[in-house]
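Me: I'm new to reading protein models. Could you walk me through some features, one at a time?

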Amino acid sequence: MGEWAQGTFGCFGDIKACCLGYITAPCTIGSMIAHVYGEECGFKHCCIGMFIPFLALVRYEIRLKEGIAGDSCSDCIHVTFLMPCGFCQTVKQYKNAGCQFKPIAL
């Protein structure tokens with residue numbers, strides 16, 4: 001089984017990723033959603049990224065691809081009650097998996 005690249009409260013482990021993610025949160029989440037489903041990141045993905053429940057979906061998909069232990073309930077808890085930390089953790093894992101944030105195609 002794999003592990004998260006940083007712990008839940010390791011928010012400052014990659015401050016650049018956290019700041020970038022927070023400044024552009026909807027598009028960051030949208031970019032991850034597009035990647036998970038093998039699509040080109042577009043405006044619709046940024047719109048979808050504004051709905052926090054989609055971050056739980058991204059965490060779930062990344063966790064499955066990386067073989068990280070957990071379940072959808074823990075993903076929901078992370079994005080609902082620990083959103084800033086869960087968001088940074090997910091962004092860090094996404095980057096460590098070799099994925100890159102791509103600009104949206106309008």
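Me: How confident is the predictor, and which element has the lowest mean pLDDT?

Reply: Start there, since this is a predicted model. Among the elements, helix α1 (residues 15-23) has the lowest mean, 72, while helix α5 (residues 72-81) has the highest, 87.

Me: Okay, helices next. What span does helix α6 reach, from its first C-alpha to its last?

Reply: The general idea first: an α-helix has 3.6 residues a turn, so residues three or four places apart point the same way. Now the case: helix α6 (residues 83-96) has 14 residues and reaches 20 Å, close to the 20 Å expected at 1.5 Å a residue. Just after α6, look for Gly98, which takes a positive phi of about 90°.

Me: Why is α6 said to be largely enclosed by the rest of the structure?

Reply: Count the buried residues, meaning those under 20% relative accessible area. Eleven of the 14 residues of α6 are buried, so the helix is largely enclosed. Among them are Met83, Gly86, Phe87, Gln89 and Tyr94.

Me: And Cys47: what is its relative accessible area?

Reply: Cys47 comes out at 25%, so it's partly exposed. You'll find Cys47 in helix α3 (residues 43-48). Also check Pro26: it is 21 residues from Cys47 in sequence, yet the two are 6.9 Å apart in space, C-alpha to C-alpha.

Me: Now the charged side chains. How many salt bridges does the structure hold?

Reply: Two. To read one, find both partners and ask where each sits in the chain. The side chains of Arg59 and Asp75 meet at 3.7 Å, N to O. That pair links distant parts of the chain, with Arg59 in helix α4 and Asp75 in helix α5, 16 residues apart. The other bridge joins Asp75 and Arg63 at 2.9 Å, N to O. Asp75 lies in α5 and Arg63 in α4, so this pair ties together parts that are twelve residues apart in sequence. Through shared partners, the bridges join Arg59, Arg63 and Asp75 into one network.

Me: Is Arg59 buried or exposed?

Reply: Buried, because its relative accessibility is 1%. Asp75 counts as buried at 1% too, and Arg63 is also buried.

Me: What else does Arg59 touch?

Reply: Leaving out residues up to four places away in sequence, its contacts include Trp4, His78, Val79 and Thr90. The side chain of Arg59 also reaches the backbone oxygen of Gly86 at 3.3 Å.

Technical notes
Residues are numbered from 1 along each chain as its sequence is written. This is a predicted model: local features need pLDDT of at least 70, side-chain atom pairs count only at pLDDT 80 or more; totals for chains, interfaces and linings use all residues. Side-chain values use heavy atoms; hydrogens and water are left out. Buried means under 20% relative accessible area, exposed over 50%, partly exposed in between (1.4 Å probe, protein chains only). A polar contact is a pair of N or O atoms within 3.5 Å; within protein, one must be able to donate a hydrogen and the other to accept it, and residues adjacent in sequence count only if both atoms are side-chain atoms. Contact means heavy atoms within 4.5 Å. pLDDT is the predictor's confidence in each residue, from 0 to 100. Helices (H or I, at least four residues) and strands (E, at least two) are DSSP runs, numbered from the N terminus. The expected span of a helix is 1.5 Å times one less than its number of residues. A salt bridge is a side-chain nitrogen of Lys or Arg within 4 Å of a carboxyl oxygen of Asp or Glu.
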